[in-house]
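Here is a short briefing on a protein model. It covers the interface, the sheets and the salt bridges.

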2 protein chains.
Amino acid sequence: MMNMEKKDRERESETSEQVVNPYKVSGKDGKEIDYDKLIDKFGCQRLDESLIDRVQRLTSRQPHEFLRRGVFFAHRDFNEILDAYERGDKFYLYTGRGPSSEALHLGHLIPFLFTKYLQEAFKVPLVIQLTDDEKFMWRKDLTVEECKRLARENAKDIIACGFDVTKTFIFSDFGYNEPAFRENVAEISKRVTLNQVIGIFGFSGEDNIGKIAFPPVQAAPSFPSSFPHLFPGMDNLRCLIPCAIDQGSSGKMSASDPNSAIYLTDTAKDIKKKINSALSGGHQFLKEQKKHGANLEEDVPFKYLSFFLNDDSELEHIRKEYGEPGGGMQSGYVKNRLAEVLTEIVERHRTARAAVTEEMVDAFMGVRPLPSMFE
Amino acid sequence: MMNMEKKDRERESETSEQVVNPYKVSGKDGKEIDYDKLIDKFGCQRLDESLIDRVQRLTSRQPHEFLRRGVFFAHRDFNEILDAYERGDKFYLYTGRGPSSEALHLGHLIPFLFTKYLQEAFKVPLVIQLTDDEKFMWRKDLTVEECKRLARENAKDIIACGFDVTKTFIFSDFGYNEPAFRENVAEISKRVTLNQVIGIFGFSGEDNIGKIAFPPVQAAPSFPSSFPHLFPGMDNLRCLIPCAIDQGSSGKMSASDPNSAIYLTDTAKDIKKKINSALSGGHQFLKEQKKHGANLEEDVPFKYLSFFLNDDSELEHIRKEYGEPGGGMQSGYVKNRLAEVLTEIVERHRTARAAVTEEMVDAFMGVRPLPSMFE
């Protein structure tokens, strides 16, 4: 029997290069990700000021802070979607999640919060794929039944973000047995070689063939014909895919401690404790702090505020008083303010999630037409 | 991007060895297949006299000529199925076909004729898989729609063999969207590595990933839980799989000419012409023929008679009069007799196929319980 051991060894020797694929995110020689290089390698473009202004003009509302503050920073062909939208064409949104665990953290919410903004701003339908089949392939310990259960539990967290049921279809791969979807998976699989997926995803000969077969399952929802009940005869409808490069690794307060992520099930006390352990860019003594200002590049709590504090003017105030020399704000204040902001978000989420019934899950996941989706 | 070119070259250098996989059948150094070696390599056993006697005893009927004459010559664990059957347990049969073309030849019928005998003799249910998805992956020129159409056309040929609709479920992979089936495909895919499928099937890096993903789709029907409508809660039901090693290459009258196969659409004239062009083991002049007898090992028409002539005593008569010294039978007689036998089979098939309606196809392919399947 032939095997790919040599190939595996060759791959190992390359890991000092920057690697970004769905299963691994690491910078060159263990350093930070070089986003400019990443944008270039993936054939993307910066989401620049002029594009954000165009979004504001077309949607008649202030762009989401994730756009204004560069949290979502790159795109492919977003301008073409906007051209079409300006001509009166609609599009649909597609995002998803691999349901690997019951406990979501704040980082997991970011793509969904941004997607919700896009759905509301552009008034477009949304499909959300829960890749329970992918998690089954990657996690030896998980059964099909457990993956399906996790998909349904994660659907509740997603619904709790406040998506519009009349414009949103949530499906799990094990649960969505539409022939047209499977046929699109086959169409894509026929056009992708083993060499290509090895090059893109870094598979080895010891990987199971379920992993090898998965990428087309994730690609198929970007074709409207995968959803004949939603987009009958609309085979040319465009699809916009909001996604993160590193859902798995973001959201932690301490880079070295995976438990330092703020989970959506954390109490106010948990949150306070985790924030207090976070790396600060501030100075211990007021005199030093006033003289230099905090190093905001290194300040994890400030980074989190820039993600989750809605109020632009308050964020600017903190940036100035904490980050610039002469200001009197100290890290304790910043951490307390962040604890308030995150506790509010987490408690709001928890209340919303508790109100999500099984019937609501059935409603979102039901294979049905969405009559008002383009209104 | 990495690729597997080296691996491909290594594989090329091995082709002088005997190769038997679903996509290639060739003997060592271009010679005939060494069946003993094959049986050994596949972990099979000879289907010997004592096992055939046991089949006769258990089914209270003469075993099919394909068994008696060694057309089906090897098995894995058939004795265990018979042990269970003797204890009063039932089993089910599973066979299939890759619907690559509309025109079936006689060789394609062999597994189905044998399966029909097994179904009738053991009174057991049968599932028949049409791998339209496999053919889509292997044939660049075929669309999904064309593969689905060919599957349905091939189903008509299969139905024309006379299967019992109350005990037979025919399905195509694109058409059968049962979640339990897909979940079994996932269960198998998780347990098979890329190295394993490369070792077994000889895939290369330039093959599309649909081919890599396919083997579990063919394995899944051997688990009864893939058919919850047929075998509810019968997860331990055994499965017997009649199959040929070389459906593709058998059935030809001339080894060098693929068009020399007897197609089920051939006229009596076509059949006669093809048989006349076949390699004979007989001698041109009666004197020589009488002196030596024909070389039956090389005689293609006699080989065909041994497959398709039901009457044991007539076959024995021909074997003796034609194959042994002293007999007066010449190859012209053998060829004529074969033409009669095959024309009758082909015409019977054509009449039966013409009577297969779309409603009958729907009935065989409908996802429904089979109430009388174990009676």
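**Chain A against chain B**

In this predicted model, 43 residues of chain A are in contact with 43 residues of chain B, contact meaning heavy atoms within 4.5 Å. About 3800 Å² is buried between chain A and chain B. Buried area is the accessible area (1.4 Å probe) that two parts lose on being put together, summed over both.

This is a predicted model, where local features need pLDDT of at least 70, side-chain atom pairs count only at pLDDT 80 or more, and totals for chains, interfaces and linings use all residues. Residues are numbered from 1 along each chain as its sequence is written, chains are lettered from A and ligands numbered from 1 in the order in which they are written, and side-chain values use heavy atoms, with hydrogens and water left out.

**Interface make-up**

- Carbon and sulfur atoms give 65% of the area buried between chain A and chain B.
- Two salt bridges link chain A and chain B; a salt bridge is a side-chain nitrogen of Lys or Arg within 4 Å of a carboxyl oxygen of Asp or Glu.
- E183(A) forms a salt bridge with K148(B), with the closest N and O atoms 2.8 Å apart.
- There are 22 residue pairs in polar contact between chain A and chain B, both residues at pLDDT 80 or more.
- A polar contact is a pair of N or O atoms within 3.5 Å; within protein, one must be able to donate a hydrogen and the other to accept it, and residues adjacent in sequence count only if both atoms are side-chain atoms.
- On the side of chain A that touches chain B, the elements giving two or more residues are α1 (5-12), α7 (132-138), α8 (144-159), α9 (179-190), α10 (194-201) and α11 (209-213) of chain A.
- Helices (H or I, at least four residues) and strands (E, at least two) are DSSP runs, numbered from the N terminus.
- α9(A) gives the largest share of that side, seven residues.
- By class, that side of chain A has 18 nonpolar, 11 polar and 14 charged residues.
- Ala, Val, Leu, Ile, Met, Phe, Trp, Tyr, Cys and Pro count as nonpolar, Asp, Glu, Lys and Arg as charged, and the others, Gly among them, as polar.

**Sheet in chain A**

- Four strands of chain A form an open, parallel sheet in the order β7-β6-β5-β8; two strands pair if DSSP finds at least two bridges between them.
- Its edge strands are β7 (168-172) and β8 (238-240) of chain A, each pairing on one side only.
- The twist averages 25° from one strand to the next.
- β6 (126-130) of chain A pairs with β7(A) in the parallel sense over five bridges.
- Within that pair, I128(A) has I170(A) as its bridge partner.
- Helix α6 (106-122) of chain A packs on the sheet, and its direction makes about 165° with that of β5(A).
- Axes are lines fitted to C-alpha atoms, for helices over the stretch in contact, and angles run from 0 to 180 degrees between N-to-C directions.

**Sheet in chain B**

- Four strands of chain B form an open sheet in the order β7-β6-β5-β8, with parallel pairing.
- β5 (91-97) of chain B and β8(B) pair over three bridges.

**Salt bridges**

- The count over all chains is 56 salt bridges.
- R319(A) and E316(A) form one of them, at 3.0 Å from N to O.
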